[in-house]
Amino acid sequence: MTILTRLSPFVLALAATPALAEMPKGISHFTLDNGLEAVVIEDHRAPVVVQMVWYKIGSADEQPGKSGIAHYLEHLMFKGTDKLGPGELSKTVTANGGMDNAFTSYDYTAYFQRIASDRLPLVMEMESDRMQNLRIGEDDWQAERQVVLEERSQRTDSDPGAQFSEERSAVQFYNHPYGRPVIGWRQEMEGLTRDDAIAWYDAHYAPNDAVLIIAGDVTAEQAKELAEKYYGPVPSKPDATRKARPQEPEQRADRRIERSDPRVAQPVLVRTTLAPERNAGDQKQAAALSVLAELLAGSPQTSVLARDLVLTGKALYVDAAYDGLTVDPTTFGLSLVPGPGVSNEDAEAALDAALQKFLEDGPDTQQLERVKTQIRASRIYAQDSAHGRAYDYGQGLSIGLGIEDVNDWPDILGAVTADEVRAAAKLVLDNPASVTGWLLPEAGAASADAATTIPAAATTEEVQ
């Protein structure tokens, strides 16, 4: 299993003003009587269709002491129903020339199939079946718990970069569950039971807490008819919706951490600070933060940090990361690998100087327009992927945005001003409560197997 890379969140070509965007051509939206929200994305270039079901529940909704239950249930969802034996859903999809998988994040859990369009009724029938009829056998739950423990061993326990990311998140968040790993803490994963999984399923898996996305060679009328046939009879659960989570208190102090490991070939700096998320009807600040990340490090040649640090030899690599598609406040992150012969202290000082200069000067007007042009081009290319557009709508709706928010996002990005970027930069770059971490090679213990590890600077995380 692999960690999924997030696809572009842009869903339309950029427009000149942030006025409410019309529904894009080929996109339709409806809600069934039982509360299941659905989006249909028509793309008739190939006889293929993607079905995605996103549940508005993730690891950040877990009870303390039960970390990993959301991801554990994701695995158990493939263990069968009254109609399907263990693994039969995936075997059926494969036998019909398709592929399927699932992934869990802090804020959602999603399941998808990609298959020939004439097999859409088949996968809709099977997916709606496991929405209400999951069966977890006595022999299944312990074996699958061992599978997710082994997954943690491979992904996290054997990877110094992943361990470092876990530790930084735990330091970044005093109180919010984003400070816990999606996959779970090992000692808590070891205690998960069949009853825990069933309780999570019974509490949260319901049509009124889910989003259905159908993308590909299908009409809106066909998709709605099939959705009503297969998902319409599934009863809603009044208490299934996400409950309020613990929130962060005000953070006032900088924190610094270091970790050394012989498997690390080069030192890496990662600095994060809390940042606001995208909210329904209020996405301007998130748009400015998105543009800020692109201005700082979106291009390896022309971005601010590439110009000031990489091209001058002070850094081998720089990055800026922001993803506002979260339910609660997320992080804005920066990362850096010092250049040859540059000490860690000098590299960090150079980064601080470059950021301070940007705070004083603000964005270059031509560079700001260049970034907007790049975003526009990225959106045009991204529209070629029905799966990518399905991801955009599924992720957006599952974290609480409305269909209009997803449609309007490119317009809002296109309207970002230099003053808004300045304000965003002051918010996250001039913040007294950042977390700065160094992942370092272990002195005198260089390993032949050592490799440069660059931990993710973003809060968001997904595991399959």
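Q: What stands opposite A315 in β10?
A: P338 does. This is a predicted model, where local features need pLDDT of at least 70, side-chain atom pairs count only at pLDDT 80 or more, and totals for chains, interfaces and linings use all residues. Residues are numbered from 1 along each chain as its sequence is written, and side-chain values use heavy atoms, with hydrogens and water left out.

Q: How do β9 and β10 pair, and over how many bridges?
A: β9 and strand β10 (residues 330-338) are antiparallel, over 7 bridges. Two strands pair if DSSP finds at least two bridges between them. Strands (E, at least two residues) and helices (H or I, at least four) are DSSP runs, numbered from the N terminus.

Q: Which order do the strands take in that open sheet of 5?
A: The order is β7-β11-β8-β10-β9, with mixed pairing. β7 (255-261) and β9 (315-322) are the edges; each has a single partner strand, so one side of each lacks a neighbour in the sheet. The twist averages 15° from one strand to the next.

Q: Which strands does α9 lie across?
A: α9 lies across β8 (268-275), β9 and β10, at about 170° to β9. Angles run from 0 to 180 degrees between N-to-C directions, and axes are lines fitted to C-alpha atoms, for helices over the stretch in contact. Contact means heavy atoms within 4.5 Å.

Q: And how does α9 cross α15?
A: The axes of α9 (residues 284-297) and α15 (residues 418-429) come within 8 Å and cross at roughly 80°. That makes α9 roughly perpendicular to α15; the label covers 65 to 115 degrees.

Q: Which residues of α9 and α15 meet?
A: Among them are L289 and L292 in α9, and V421 and V428 in α15.

Q: New topic. How many residues of α1 are buried?
A: In helix α1 (residues 69-76), 8 of its 8 residues are buried. Buried means under 20% relative accessible area, with a 1.4 Å probe and protein chains only. The cover includes β4, β5, α4 (140-157), α7 (194-204) and β12.

Q: Which residues are buried in α7?
A: D196, A197, W200, Y201 and H204. They span an arc of only 130° around the axis, which puts them on the same side of α7. The arc is that of the directions from the helix axis to the C-beta atoms.

Q: What order do the 7 strands of the other open sheet take?
A: They run β1-β2-β6-β3-β5-β4-β12, and the pairing is mixed. Strands β4 (residues 99-105) and β5 (residues 109-116) pair in the antiparallel sense over 6 bridges, and D100 stands opposite Q113 in β5.

Conventions
Parallel < 35°, antiparallel > 145°, perpendicular 65-115°, else oblique. Buried < 20%, exposed > 50% of the residue type's maximum accessible area, 1.4 Å probe, protein only.
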